[in-house]
Amino acid sequence: MFNFMNEDESVDVETTKIMEITIVSVNNVTSKADLVGKIDPFVVIYGNGQILGKTEPVDNATSCVLNETFVIKPKVDSSSIQFKFDLMDEDDIGSDDKVGSGAFQLDAEESVTNQTILLKMEGEDVGSLTVDINIKEILVV
């Protein structure tokens, strides 16, 4: 709680923590999920096994800037959330293909910028993601 002072009296204001998870970019994907051309990448984000969202696909790219942000209000301490990131290839015909996966957990309850998430598929490096995680204290009204 924050304690705000005005001219007349002290007022307690209730606050809560939120997390902003930004998928900044997909980097140097080496997987050949498509037989012809490049992949159409998008990212699915999970927190402790629960899907948090997915980015919009980008056509024919092995590296691209996404800058898509997802906001959550954690029920638990932020540092106990295990994030998983699945890089997918959107297919027009058939089902989407998984290109690679990576995981990340905050060491402490603090924000991180330009965190590199290494992606692997069947033990092979297939590229990386760059993510930002921003923890904010916001007012509850």
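In what order do the elements of the chain run from the N terminus on? Before I answer, please keep in mind that what we have here is a predicted model. Starting at the N terminus, the elements run β-β-β-β-β-β-β-β-β-β, and the count for the chain is ten strands and zero helices.

Let me turn to how the chain is packed. It has 141 residues, of which 41% count as buried, and if we take the contacts between residues at least 6 apart in sequence, 56% of them join residues at least 24 apart. The accessible surface comes to about 8500 Å², with 48% of that belonging to carbon and sulfur atoms.

Now to the inside. The largest nonpolar core has 28 residues, and the members that touch the most others are Met-19, Val-43 and Phe-85. At least two residues of this core come from each of β3, β4, β6, β7, β8, β9 and β10, and the largest share, five residues, is supplied by β10.

Finally, consider Asn-28, which lies in the loop between β3 (15-27) and β4 (41-47). Is Asn-28 buried or exposed? Its relative accessibility is 57%, and because exposed means over 50%, Asn-28 counts as exposed. Even so, Asn-28 has contacts beyond its neighbours within four places in sequence, namely Thr-62, Ser-63, Val-126 and Gly-127. Asn-28 and Ser-63 are 35 residues apart along the chain, while their C-alpha atoms are separated by 5.2 Å.

Notes:
Residues are numbered from 1 along each chain as its sequence is written. This is a predicted model: local features need pLDDT of at least 70, side-chain atom pairs count only at pLDDT 80 or more; totals for chains, interfaces and linings use all residues. Side-chain values use heavy atoms; hydrogens and water are left out. Helices (H or I, at least four residues) and strands (E, at least two) are DSSP runs, numbered from the N terminus. Buried means under 20% relative accessible area, exposed over 50%, partly exposed in between (1.4 Å probe, protein chains only). Contact means heavy atoms within 4.5 Å. Accessible areas come from the Shrake-Rupley method with a 1.4 Å probe; for residues, only the protein chains shown count as cover. A nonpolar core is a set of buried Ala, Val, Leu, Ile, Met, Phe, Trp, Tyr and Cys residues joined through side-chain atoms within 4.5 Å.
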